[in-house]
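Hello,

Here is the structure we talked about. Please open it first, then read my notes below.

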Amino acid sequence: SGAGLNNGQWHSVSLSVKRNRISVRVDNDMTSSAHASIPLQISSGDILYFGGCPSSGNISECNTSFGGFQGCMRLISIGNKAVDVISIQQNGFGNFSDLQMDLCGITDRCLPNYCEHGGECSQSWNSFHCNCANTGYKGATCHYPIYEQSCEAYKHRGNTSGFYNIDSDGSGPLGPFLVYCNMTDATWTIIQHNSTNLTRVKSANRENPHTVFFKYSASLDQLQATINLADHCEQELAYYCKKSRLLDKSDGMALSWWIGRTNETHTYWGGSLPAVQKCACGLEGSCIDSQHYCNCDADRDEWTNDTGFLSYKDHLPVTEIVITDTDRPNSEAAYKLGPLLCRGDRTFWNSASFNTETSYLHFPTFHGELSADVSFFFKTTASSGVFLENLGIQDFIRIELQSPSEVVFSFDVGNGPSEVIVQSRSSLNDNQWHYVRAERNVKEASLQIDQLPQRSHSAPPDGHIRLQLNSQLFVGGTASRQKGFLGCIRSLRLNGMALDLEERAKITPGVEPGCPGHCSSYGNLCHNGGKCREKYSGFSCDCTFSAYGGPFCNKGKHISAYFWTGTSVTYNFQEYYTLAKNTSSHASSFYADMTLTREAITFAFRTTRTPSLLLYVGSFYKEYLSVILTRNGDLQIRYKLDSHQDPDVFSISSKSVADGQLQHVKINREEETLFVEVNQNERMKFILSSGTEFNAIKSLTLGKIL
């Protein structure tokens, strides 16, 4: 009978035994009481044991597979007669062992609740447990974020454009939210709002203004954290007008304005600068009426607009627009506000180079009494060194490279020094970036390096739990100036807050801001022959010599050329012996003695000129393949795979393909079977009679045959 009885609340139990019938009732709930009839008489013995069996004396009937009861009992009565617990305590009635009398000493391990970010606390007798489901966080106390801090961080894990949850303040109080990451050479974060359409406005005046509020897919605090991280943010604001002014020149009063994140009113418009009451055309001197600083202020009876990007980060995003000048005859306005766009992540590449063992950076004391997390990237050629240290009177926290393949996270919160060690099979002093994440909370301490398995140590039960530090935080060294770190530290975050290593390094001898050499670690993200190019903060993939584009040279790109009359492009395929001597990565994969029994060719073209040659592949044996436009605009494919026979000629004549539109052609040959598809129309099948082997191909020509 009963359910959920280990919830720390009082429950009543009633056990009734009468001859051959037993019944149990819990919490006076008649509906869930349980009964049983037994075919023999039951009588109780002289002694009743509560809470467990005595350790002295072997009472076989009392022993069970269960452990003794842990918890409190009160209001015990036997045979409807209350038991006087005080008389038991005075040994006048029964005896007892290991009890606290007259108080209930259950420890509520969920009060205070150490589960963070809305994690649900549950407890056993000795400890508590946090359920982090659907919180966006993980770990023993739901402290550490599941999601990356920015689109930039996702990009450098090799992710492509798409929707991602980001957590701008890491393990801080702000939760994650959904954004679109546009991974181009730059990384753009796109945050939408609820009113993206062009909206027309009529009959608004100062007494009855048209006011619109914009609600974003994140809170203003989350937006502010994202904007603070970004290198640059912007938002396009377009204002279309017909006899609707932004500024009343007669009294200098704004007729329309917008309100930003901090609830301040702004009267500068897209493409202009804060503190000047102008539009983009006013800065450029290109307004339709040179007496005004906005096109709309010309007050003309025809549509014009003032459009541009607002890019002063402290004022973004736009939260409200107010329009008041559309109530005169023929007066009308329309506005359109784009999504908030932010580029880059200032903290992801923020780094410092430590050039001597005695050099270090210092920051204010780290406060992480109950939960602390530290994450950073490092690269070094040294075999040991301290990354970070903060001391208290007795407590301390330290992360160090103890040997070329071993990182140690050590700390003391009053229970004596403790350490977590991660060993790597490969050396960590290979001058490539390695990621370190350490966390300490009231339940455990953990350490992770790169993608290696996380190591963790449980905290002692009922020990000290507060980490109390009082000295400065040392980065790249220690207070004793022993075992300083030589190398680079990047993207250092403590409890979700990024430390500005570069600013501090600028004024510290022996430490340089920034850290060159990202390609050794991230070059493998450049695919398909793309070359990694170093930048001050980060790197980029140069796709010049790749058939692919995109930030990592893994997106198909169109390589195209424009042909004048009589021009052509020829690729000569390598002969075998020259390839062996020159093993350049750009050498062709075709050899002169190669025999093809199948080809797959795709290309697109656009022309109005006929007749013309699109593609020609020739061999050393007078065999060839050609794709031709005939005089009347038909596509014709010719295969001559036997030099002693006439070529096979196949014409595809639906409608002229020389109509100036882009035409897509796919040609696939499997031995004597040829498939041709034009513009995703039905695939056509042809059979070759001139052979199946294309021998010793020599060159491929696009355009006119030379």
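Start with the aromatic rings. This is a predicted model, and it holds 20 aromatic pairs. A pair of aromatic rings is described by the distance of the centres and the angle of the planes. Take W349 and Y522 as one example. Their centres lie 5.7 Å apart, with 75° between the planes, and the pair is edge-to-face.

Where do W349 and Y522 lie? W349 is in the loop between β23 (340-343) and β24 (351-354), while Y522 belongs to helix α6 (residues 519-522). These parts are 173 residues apart in sequence, so the pair ties together pieces that are separated along the chain.

Are the two residues buried or exposed? The cut-off for buried is under 20% relative accessible area. W349 has a relative accessible area of 7%, so it is buried. Y522 comes out at 8%, so Y522 counts as buried too.

The pair also belongs to a wider group. Ring pairs link F348, W349, F377, Y435, Y522 and F539 into a cluster. R490 lies over the face of F348, 4.8 Å from the ring centre. Another arginine is placed in this way: R504 lies over the face of F363, at 4.7 Å from the ring centre.

Next, the domains. The protein chain is divided as follows:

- domain 1: 109-145
- domain 2: 146-189
- domain 3: 193-343
- domain 4: 368-436 + 445-515
- domain 5: 523-556
- domain 6: 569-575 + 592-705

Look at domain 2 and domain 4. Their C-alpha centres lie 25 Å apart. In this interface, 6 residues of domain 2 are in contact with 5 residues of domain 4. The size of an interface is often given as the accessible area lost when the parts come together. Here, domain 2 and domain 4 bury about 330 Å² between them, and 27% of it is on carbon and sulfur atoms. Which residues of domain 2 lose the most area to domain 4? They are Q149, D169 and S171, which together account for 81% of what that side buries.

In the model, the span 106-143 is 0% helix and 26% strand. The end C-alpha atoms of that span lie 27 Å apart.

Now the backbone. Two cis peptide bonds deserve a look. A cis bond joins L316 and P317, with omega about 0°. P317 sits in the loop between β20 (304-310) and β21 (320-323). Another cis bond joins T610 and P611, and there omega is about -15°. P611 is in the loop between β44 (598-605) and β45 (612-619).

Finally, check phi at two residues. D450 has phi near 50°, a positive value in a residue other than glycine. D450 is placed in the loop between β32 (444-449) and β33 (455-458). Its relative accessible area is 24%, so D450 is partly exposed. C553 has phi near 55°, again positive in a residue other than glycine. C553 is in the loop between β40 (548-549) and β41 (555-556). With a relative accessible area of 0%, C553 is buried.

Best wishes

Notes
Residues numbered from 1 in each chain as written. Predicted model: local features only at pLDDT ≥ 70, side-chain atom pairs only at ≥ 80, totals over all residues. Heavy atoms only, no water. Helix = DSSP H or I, 4+ residues; strand = E, 2+ residues; numbered from the N terminus. Phe/Tyr/Trp six-rings, centres within 6.5 Å; stacked < 30°, edge-to-face > 60°. Buried < 20%, exposed > 50% of the residue type's maximum accessible area, 1.4 Å probe, protein only. Lys NZ or Arg CZ within 6 Å of the ring centre and 35° of its normal. Domains from an automatic or database assignment. Contact = heavy atoms within 4.5 Å. Buried area = accessible area lost by both parts, 1.4 Å probe.
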